[in-house]
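Biologist: I'd like to learn how to read a few features off a model. Could you walk me through one?

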Amino acid sequence: MRTWLLLLTFLCASLAPVTAAEPTCFELRTYHAAQGKLDALHARFRNHTLALFEKHGITNVGYWVPRENVGEALIYLLAYPDRTAREASWQAFHGDPVWQSVKADSEKDGKLVTRTESRFLHLTDYSPHLPIPVAVAPRTFELRVYTTRPGKLASLDARFRDHTKALFTKHGMTNLLYFHLDEGQEDAGNTLVYFLAHASAEAQATSFAAFRADPVWIAARDASEKDGKLLVDQGIVSTQLVATPYSPVK
């Protein structure tokens, strides 16, 4: 009887669904399209690249363009189990004959991308996790990058953890993902990168105006800066984003 019970337990465990490990490595990539080539770049991602990424174990998180896209940029976020898996996935992707054919065909009249930027990220301890909840209506997105004074990143994290995130929610903003830069990159010890979602561009402006005027925020900011400001001058860079039609998150 004991043998049968053990066998049954083993079979149940074997048939249980396998839960994928949560990603620990994220990559924020920005492509600057050659003049007049942004639509062709979108077509290549929409028709080929996203599927090839997934084939090789790369998770497509989100794809956006800046609302004012003067530089014809495409900004996207990928996720991996870890950095080692990232390197293996990209090696397999670049070596895939399908990708090589797609790339050659799409660039027969010239390269689509003139410049690529890449930053490796990991979630903060107060960040929401994947998957990003699906919205019932289209949203506008915002990428915000904060640069702190030396030694002040932990204080900025504490302010977000204890106050800012909840106040964002109070004023109609949706907290998506919060990141630090991986070690070894420029400004890795003093940078916070995060994504918000808003009902619209107008809602973004209204929400931040209410947030900045909130007495709770003013008190939290003042308390956190009693020994000096946390951010460098011009230490906030905000980019309003529009999700592409093929982006998993909208």
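Biologist: Let's start with the rings: how many aromatic pairs does the structure hold?

Modeller: The structure holds 28 aromatic pairs. Rings of Phe, Tyr and Trp (its six-membered ring) pair if their centres lie within 6.5 Å; planes under 30 degrees apart count as stacked, over 60 as edge-to-face and the rest as tilted. One of them joins tyrosine 31 and tyrosine 76, edge-to-face, at 5.2 Å centre to centre with 90 degrees between the planes. Tyrosine 31 belongs to strand β1 and tyrosine 76 to strand β3, 45 residues apart, so the pair links distant parts of the chain.

Biologist: Before we go on, what sort of model is this?

Modeller: This is a predicted model: local features need pLDDT of at least 70, side-chain atom pairs count only at pLDDT 80 or more, and totals for chains, interfaces and linings use all residues. Residues are numbered from 1 along each chain as its sequence is written, and side-chain values use heavy atoms, with hydrogens and water left out.

Biologist: Are tyrosine 31 and tyrosine 76 buried or exposed?

Modeller: Both are buried (under 20% relative accessible area, with exposed over 50% and partly exposed in between, using a 1.4 Å probe and protein chains only). Ring pairs also tie Tyr31 and Tyr76 into a cluster with Phe45, Phe53, Tyr63, Trp90, Phe93, Trp99 and Tyr246.

Biologist: And the strands, in what order do they close into a barrel?

Modeller: Strands of a sheet pair through backbone hydrogen bonds, either parallel or antiparallel. Here eight strands close up in the order β1-β3-β2-β8-β5-β7-β6-β4, with antiparallel pairing. The twist averages 35 degrees from one strand to the next. Two strands pair if DSSP finds at least two bridges between them; β2 (residues 59–66) and β3 (residues 73–80) have five. In that pairing, threonine 59 stands opposite alanine 79. Strands (E, at least two residues) and helices (H or I, at least four) are DSSP runs, numbered from the N terminus.

Biologist: How do the axes of α6 and α7 cross?

Modeller: Axes are lines fitted to C-alpha atoms, for helices over the stretch in contact, and angles run from 0 to 180 degrees between N-to-C directions. Those of α6 (residues 201–213) and α7 (residues 215–224) come within 5 Å and cross at roughly 60 degrees. The two helices are therefore oblique to each other (under 35 degrees is roughly parallel, over 145 roughly antiparallel, 65 to 115 roughly perpendicular, the rest oblique).
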